[in-house]
Amino acid sequence: MFSFGKTPAIAGLEGHVLFENSGSYSTQKLAAISKQALMLSAAAMNRHLDVTAASYWGLALQIHHVEGVGVSQQAIEAGGRFELLILR
């Protein structure tokens, strides 16, 4: 239904990140999360987990997955690093 890397033009969703759901229960749909919400969530998780710039994240999920973006945002917000772990 949607093509990875192609962002549909949807009025009113500027400043949002679009994620495609799996369509497990119906057809695939897009979910929109504001960039501000992602940044606030990352900051809150970092405070809760005592994440610092010295923290190093291993990202086991795909970077375009909603939690893959969340984990990478946590690392970026803390000034730390993350590495995409690729299963072979």
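What follows is a short chat about a predicted model.

Colleague: Which residues make up the largest nonpolar core?

Modeller: There are six: Val51, Trp57, Leu59, Val71, Ala75 and Ala78. Keep in mind that the model is predicted.

Colleague: Which elements give two or more residues to this core?

Modeller: Strand S3 (56-59) and helix H2 (66-78) do. H2 gives the most, with three residues.

Colleague: Why would such residues sit together?

Modeller: In soluble globular proteins, nonpolar side chains tend to be buried together.

Colleague: Back to Trp57. What is Trp57 in contact with, leaving aside neighbours within four places in sequence?

Modeller: Two of the core residues listed above, Val71 and Ala75, are among its contacts.

Colleague: Now H2. How many residues does H2 have, and what does it reach from its first C-alpha to its last?

Modeller: H2 has 13 residues and reaches 19 Å. That is close to the 18 Å expected at 1.5 Å a residue.

Colleague: Which residues of H2 are buried?

Modeller: Gly68, Val69, Gly70, Val71, Ser72, Gln74, Ala75 and Ala78.

Colleague: And what covers them?

Modeller: The cover includes strand S1 (16-20), helix H1 (35-49), S3 and strand S4 (81-84).

Colleague: What comes just after H2?

Modeller: Gly79, which takes a positive phi of about 80 degrees.

Colleague: Let's switch to H1. Which residues are buried there?

Modeller: Leu38, Ala42, Ala43 and Asn46. Seen down the axis of H1, they fall within an arc of 130 degrees, so they line one face of the helix.

Colleague: What do the buried residues of H1 pack against?

Modeller: They pack against S1, strand S2 (30-34), S3 and H2.

Colleague: Which exposed residues are on the face turned away from the buried side?

Modeller: Gln36, Leu40, Arg47 and His48.

Colleague: What are the numbers for H1, in residues and reach?

Modeller: H1 has 15 residues. From first C-alpha to last, H1 reaches 21 Å, close to the 21 Å expected at 1.5 Å a residue. Just after H1, Asp50 takes a positive phi of about 55 degrees.

Colleague: Last topic, Ile10. Where is Ile10?

Modeller: Ile10 is in the segment before S1.

Colleague: Why do you call Ile10 partly exposed?

Modeller: Because its relative accessible area is 37%. Partly exposed lies between the cut-offs, under 20% for buried and over 50% for exposed.

Colleague: What does Ile10 touch, not counting residues up to four places away in sequence?

Modeller: Ile10 touches Leu18 and Leu30.

Note on methods: Residues are numbered from 1 along each chain as its sequence is written. This is a predicted model: local features need pLDDT of at least 70, side-chain atom pairs count only at pLDDT 80 or more; totals for chains, interfaces and linings use all residues. Side-chain values use heavy atoms; hydrogens and water are left out. A nonpolar core is a set of buried Ala, Val, Leu, Ile, Met, Phe, Trp, Tyr and Cys residues joined through side-chain atoms within 4.5 Å. Buried means under 20% relative accessible area, exposed over 50%, partly exposed in between (1.4 Å probe, protein chains only). Helices (H or I, at least four residues) and strands (E, at least two) are DSSP runs, numbered from the N terminus. Contact means heavy atoms within 4.5 Å. The expected span of a helix is 1.5 Å times one less than its number of residues. The arc is that of the directions from the helix axis to the C-beta atoms.
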